[in-house]
Amino acid sequence: MLATLTAVWSNPRMSAPPKTSALRTPFKTVALVGRYSTAGIEGPLEELASYILRNGQDVVFERETALATGLTGYPALTAEEIGREADVAVVLGGDGTLLGLARQLAGHNVPLIGVNHGRLGFMTDIPLEDVQSVLPDMLEGRYEAETRLLLESSVVRDDSRIFSALALNDVVVNRSGISGMVELAVSVDGNFMYNQRSDGLIVSTATGSTAYALSAGGPILHPTLSGLVLVPIAPHSLSNRPIVLPQEAEVTIEVATARDASVNFDMQSLTSLLPGDRIVVRRSKKTIQLLHPAGYNYYATLRKKLHWHEYPTEDNRL
């Protein structure tokens with residue numbers, strides 16, 4: 001059972017630096033979002049909703065979550081409506097669930113609390129088994145707040161923009177699984193940087209530096225850093241290395257030659273590319289805010305999620 005939530009809640013809509021920890025004024029409306037494809041998730045969602053409601057707070061559900069789980073006894077709102085009416089959103093799922101909601105709520109100044117109902121969980125960093133002890137304090141106003149930047153990207157074909165999207169983690173230009181390498185011409189702020197033959201190129205935020213960019217050999221950026229990271233995917237030349245760019249940089253990636261190339265945004269939306277297409281990536285003016293338990297430590301998260309605290313055993317040292 002979830003611990004009883006008190007009537008004192010927090011309101012992160014007050015102006016704050018990128019990371020803060022203080023007791024805030026009460027929340028008024030709490031939105032609940034779940035990875036509704038997960039079997040049994042309606043139980044934790046309904047239990048949490050009932051406690052919040054009994055404490056006199058307004059509870060709303062994200063519409064698709066409500067419909068898929070059958071939890072239709074609460075107001076069901078679109079993400080746009082949540083952005084206008086909610087004070088905080090609690091996400092039960094994996095990082096992918098949070099990524100999808102974050103892009104929709106970007107710019108609405110509704111902070112997100114991530115409860116891990118998935119696997120790794122860098123952003124949904126509260127384990128489900130810890131909800132009873134952690135979440136009540138956060139909803140009372142005891143938490144750490146971090147502001148995360150997003151990328152905005154456009155695909156330009158014959159001088160016309162044919163697609164645009166936001167990304168919290170990364171923008172990835174890559175080949176299909178059966179085609180050969182892609183050749184990309186990369187410019188930064190209008191200055192040509194290099195031609196690259198590879199399986200693709202990742203433009204990542206600090207948030208995304210622990211995702212695909214990390215597996216491709218990129219550096220980890222602390223989330224308070226606003227730089228962009230360019231990470232080649234299996235480059236033909238080993239001299240093509242990751243590079244960290246200033247936050248104001250505008251990256252243009254032109255597809256020189258490719259078969260079945262595409263660009264995707266947080267691995268959740270994509271569009272096909274043709275030779276001559278240009279992908280323009282820059283920092284978005286929109287941001288999102290993530291809330292963590294009081295005393296949250298990013299380095300402890302890295303140590304836990306990446307198993308840095310583990311030593312090799314006698315069986316696997318060789």
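Helix H4 gives the largest share of the lining of the largest pocket, three residues. Helices here are DSSP runs of H or I, at least four residues, and strands are E runs of at least two, numbered from the N terminus. A pocket is an open set of points on a 1 Å grid over the protein atoms alone, where a 1.4 Å probe fits, with protein on both sides within 12 Å along at least five of seven lines; lining residues have an atom within 4 Å of a point.

A word on the source. This is a predicted model, where local features need pLDDT of at least 70, side-chain atom pairs count only at pLDDT 80 or more, and totals for chains, interfaces and linings use all residues. Residues are numbered from 1 along each chain as its sequence is written, and side-chain values use heavy atoms, without hydrogens and water.

Back to the pocket. Its lining has 27 residues. Among those nearest the centre are Asp 95 and Gly 121.

Now, Asp 95. This residue is found in H4. The unreviewed UniProt entry lists Asp 95 for "active site"; such annotations may be inferred rather than shown by experiment. Beyond its neighbours within four places in sequence, Asp 95 contacts Gly 121, Phe 122, Met 123 and Thr 124 (heavy atoms within 4.5 Å).

Next, strand S5, residues 88–93. Why is S5 largely enclosed by the rest of the structure? Because six of its six residues are buried, meaning under 20% relative accessible area with a 1.4 Å probe, protein chains only. S5 pairs in the parallel sense with S2 over five bridges, and with S6 over five bridges too. Pairing takes at least two DSSP bridges.

Conventions:
Buried means under 20% relative accessible area, exposed over 50%, partly exposed in between (1.4 Å probe, protein chains only).
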